[in-house]
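Please look over the sequence and the structure shown below before reading on.

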Amino acid sequence: MSQTLRLPDGALAQAAPAPGSPASGALTGGPLPLLRRAGRALRPWLLPWAVPLLLLLLWWVAARQGWIAPQVLPSPEDVGTTLVELVRSGEMADNLWISAQRVLFGFGVGASAGLLLGVGMGLSPRFKDYVYPLFKAFSQVPVLGWLPLLMLLVGIDGALKIILISKAALVPVALNTAKGIENVPNRYVEVARVFGFTRWQLLSRVVFPAAAAPIWNGIRYGLTHAWLALVVVELLASSEGLGFMIVYGRQLFQLDVVMAAVIVVGAVGFALDKLLALVEVRLLRWRRVGF
Amino acid sequence: MSEPVSIAASPAAAPGRKPSFSLPAALRGWVLPLLLLLLWWLAVSLGWSKSPLLVPVSQVWHTAVEQTVSGELWRALRSSLWRDLLGFAIGASAGLIFGTVLGLSRLFESLLGPSFHTLKQISLFAWIPLLSVWFGLGDAAKVAFLSLAAFFPVVLNTFEGIRSVAPELIEVGRVFEFSRWQMLRRVVLPSALPSVFAGIHLGLIYAWLATLGAEYLLVSGQGIGNTLIDGREHFKMDLVLFGVIVVGLVGFALNWLASQLEHRLLAWRGRSVAQYE
């Protein structure tokens, strides 16, 4: 508990690259024994595993000893073998592919519409005056609120999923794009005027680069929301896809199938987020070199 | 409110433009909704579609009045909101504690942080089938799910708020020889507060979203979500439309309440921070 509140030191240590810490140790005192030094270097990689491993062990023992009925909590081995089986038989890949298609398509539609809307609202205050209140009201009702209405209107086929997923992606993309463009500092625009930029130059050289970070943020949120929406829609109205696997397993009380599917859902969400973070580093790299 | 960037109209071009007809800004927002309403009304009265789903505006109004007067709406709203707030309270307080500990202690962060970030990735609604096995289909499962929905954003934002306390502030605290408790109360928490509030705000919105989801997926009992499901099953478009409006209004009200509270409680910070530009 001694490290409570020692924020700045910790923050500095965190900011410095890991190999730097042994060197500082060598500076302040005698050389650390090799073992302790190795232990310290490995600590950040070992500690995170302690809790999950403990839980896993507890789970395993509980299942082994029959403390909990397998219908309520299947043993970790069961979940593991089910996962492997589902992957081997191709069932997982099929469902994953269907879900992925839905998300990508819905996200593509929603994010492009959101970008257009956001750029429109960001650039033209007049357009914003007309559109924003309706947009706000529309986004106030969550995806789940629209679901019953759309089910009545378009049935439970593909269109329903695409519409709801694109709605989920559209709102954050549009909002962040509009805000990002509005928040471009006035002085940048003034500098551009001094240079006599045309409107197109102003947009492509000043406004969009300056708003790139918030826009990208919106896209990231959009994808996360799209993935969330996909799972809900598939849970509620679908006969294939990852969400359906979860419902199906639940109905048959095959919790191992449920858990396997949940693990895949989590893994895909994680992968999507990481992927976008990587792209962000790429896309916005110039910002670091810029000044 | 910062001045909007005038990208559209450069000052040089402005005087040359003819004064065309334009609505006052306050009225512009009404144009599109009224147009939509008009379109709807026209579609019904001119009989463009024979579908029973195309209900007249008046019928939605009728349903709204009926639901309100008969008390149906209040019963549904009461159970939904009660669950929402209970789940939110549990989830947000747990999230505050967990987020604070995670933010203050490096040890806890390395022990629990990665597990938390991994669990966070699981799409929220994927928890429902598991929770329904563990807690049944009743209120317990719903409340557990709602707390989970509020928990994640509160933890994340509390954690980030505490981590981004400026080192200079802590140094000043050291100079004053603050005790650990004083440091926490006078330095760390106040400067983390905006981020904490952002988390609570998000948590409130997520919890409302989750309330609906829980009522759809764990169909038992009362609630506004059940009203919507009922309407859909019986092909009552008027009821569904009314439900959608109520859901939107409640979301709006919760949002407004949270911003008001935030505004009040953060008033001491003054406006200088927001206007550094």
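Predicted model: local features only at pLDDT ≥ 70, side-chain atom pairs only at ≥ 80, totals over all residues.

## Chain B as a whole

Of the 277 residues in chain B, 37% are buried.

The contacts inside chain B can also be sorted by how far apart the partners lie in sequence: among those between residues at least 6 apart, 75% join residues that are at least 24 apart.

## Where the two chains meet

Chain B places 61 of its residues in contact with 60 residues of chain A. On the chain B side, the elements that contribute two or more residues are α1 (25–45), α4 (106–121), α5 (127–135), α7 (167–175), α8 (180–217), α9 (224–233) and α10 (237–265) of chain B.

Among these elements, α4(B) supplies the largest share of the side that touches chain A, with 9 residues. Sorted by class, the side of chain B that touches chain A consists of 41 nonpolar, 13 polar and 7 charged residues.

## A helix pair in chain B

Helix α5(B), which is listed among the elements touching chain A, also packs within its own chain: its axis and that of helix α6 (residues 139–163) of chain B come within 9 Å and cross at roughly 140°.

## A helix pair in chain A

In chain A, helix α7 (residues 143–154) and helix α8 (residues 158–182) pack with their axes 10 Å apart and at an angle of about 150°. Since angles over 145 degrees count as roughly antiparallel, α7(A) is roughly antiparallel to α8(A). The crossing of α7(A) and α8(A) is right-handed.

From α7(A), the residues that make the contact are A:Val143, A:Trp146, A:Leu147, A:Leu150, A:Met151 and A:Val154, while α8(A) brings A:Ala159, A:Leu160, A:Ile163, A:Leu164, A:Lys167 and A:Ala168. By class, the residues of the contact between α7(A) and α8(A) are 11 nonpolar, no polar and 1 charged.

Helix α11 (residues 242–251) of chain A is mostly covered, with 7 of its 10 residues buried. These buried residues are A:Leu242, A:Gly243, A:Met245, A:Ile246, A:Val247, A:Gly249 and A:Arg250. The cover over them includes α5 (91–123), α10 (199–236) and α12 (255–283) of chain A, together with α5 of chain B.

## Individual residues

Just after α11(A), A:Phe253 takes a positive phi of about 55°, although A:Phe253 is not a glycine. A:Phe253 belongs to the loop between α11 and α12 of chain A, and with 14 C-beta neighbours inside 10 Å it counts as partly exposed. In chain B, B:Phe235 likewise has a positive phi of about 55° without being a glycine. B:Phe235 is found in the loop between α9 and α10 of chain B and counts as exposed, because it has 11 C-beta neighbours inside 10 Å, where 12 or fewer is the limit for that class.

B:Trp181 is found in helix α8 of chain B and is exposed, with 9 other C-beta atoms within 10 Å. From C-alpha to C-alpha, B:Trp181 and B:Val246 are 45 Å apart in space, and they are separated by 65 residues in sequence.

Key:
Residues numbered from 1 in each chain as written. Chains lettered and ligands numbered in written order. Contact = placed C-beta atoms within 7 Å. Helix = DSSP H or I, 4+ residues; strand = E, 2+ residues; numbered from the N terminus. Nonpolar A, V, L, I, M, F, W, Y, C, P; charged D, E, K, R; others polar. Axes fitted to C-alpha atoms, helices over the stretch in contact; angles between N-to-C directions. Parallel < 35°, antiparallel > 145°, perpendicular 65-115°, else oblique. Left-handed = near helix turned anticlockwise from the far one by under 90°. Buried ≥ 20, exposed ≤ 12 C-beta atoms within 10 Å, placed from the backbone.
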